[in-house]
Amino acid sequence: MSVKECDHHKGKKRRTFQRVFWCIVVFLFLVLLAILLIWAILRPTKPTFTLQDVTVYAFNATVPNFLTSSFQVTLISRNPNDHIGVYYDRLETYVTYQSQQVTFRTSIPPTYQGHKEVNVWSPFVYGTNVPVAPFNFQGLSQNQAAGTVLITVRANGRVRWKVGTFISGRYHLYVRCPAFISFGARGNGIVVGENAIKFQIIQRCSVSV
C-alpha cells in the first residue's frame, strides 16, 4: 500500500470521527435546549408549607437532662405549580430544640399532590424521657421558667415531580417551622382538654429541596 493511500484512509477516518463528534455535540445541545425550554414554560416551584397550630399535651423537663413531651402539629402543604404534580414518597415529622431532636419521628402516609392542590396533615409527635444535652437542657429549663420556649417543627422526606406521564427521580425535602409555645399564664393558648393547650401559629415554613 502506498503512502498516498494511507494518507487517504487516515483522512477518511478523521472526517468520520469529526462527523460523529459534531453529531454528538448537536444532539446534546438540542437535549439541553429542550430541557431549558420545558423548565422555562413549566416554571417548577417547590411546595410551600405553613405551620397552622401546635397543641401541647405534655412538656416536662423536671428530670435533669431528660424531656418528656407530646404535641399535635397541623401542617398545610400547597403545590403552587400549574403543570407539575408532587409525589410525597416519604415524610417524617419531629420537633427539635436548639437543633437537637427531642421527639421521635412520626411518618405521614405517602400521598400525591396535584396542581395547585392543598394538603393538611395533623400528626402527633412525642418523646418519653428523651436525653437532652446538658447545655441545651439548661437553656430549656430557663426558657420554660421564663414562660416561653422556641421549638422547631421539622418535616424531612423525599419527593418526586410529575409532568404529564414523566416522573422524576427522588429529591430530598427539608421543612423547618419555628414556633413559640408559652407556659404559666397561657395568655396566647386555648385550653382544648384537661391538660392540652392549643397555640395558633400560622407560621410560614422554610422549605429546601
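1. Leaving aside residues up to four places away in sequence, L51 touches V73, T74, L75, V153, C177, P178, A179, I201, I202, Q203 and C205. Please keep in mind as you look around that this is a predicted model.

2. L51 also belongs to the largest nonpolar core, which has 39 residues. Within that core, L51, V54, F71 and I181 are the members that touch the most others. At least two core residues come from each of β1, β2, β3, α2, β9, β11 (171–182) and β13 (197–204). The largest share, six residues, is supplied by β9. As background, nonpolar side chains tend to be buried together in soluble globular proteins.

3. Next, have a look at helix α2, which covers residues 134–146.

4. Which residues of α2 are buried? They are N136, F137, G139 and L140. Viewed down the axis of α2, these buried residues fall within an arc of 165 degrees, so they line one face of the helix. Among the elements covering them are β1 (48–60), β2 (66–78), β3 (85–97), β4 (100–101) and β9 (148–163).

5. Now turn to the other side of this helix. On the face of α2 turned away from its buried side you will find the exposed residues P134, F135, A145 and A146.

6. One last stop is the residue after the helix: α2 is followed by G147, which has a positive phi, near 110 degrees.

Technical notes. Residues are numbered from 1 along each chain as its sequence is written. This is a predicted model: local features need pLDDT of at least 70, side-chain atom pairs count only at pLDDT 80 or more; totals for chains, interfaces and linings use all residues. Side-chain values use heavy atoms; hydrogens and water are left out. Helices (H or I, at least four residues) and strands (E, at least two) are DSSP runs, numbered from the N terminus. The expected span of a helix is 1.5 Å times one less than its number of residues. Buried means under 20% relative accessible area, exposed over 50%, partly exposed in between (1.4 Å probe, protein chains only). The arc is that of the directions from the helix axis to the C-beta atoms. Contact means heavy atoms within 4.5 Å. A nonpolar core is a set of buried Ala, Val, Leu, Ile, Met, Phe, Trp, Tyr and Cys residues joined through side-chain atoms within 4.5 Å.
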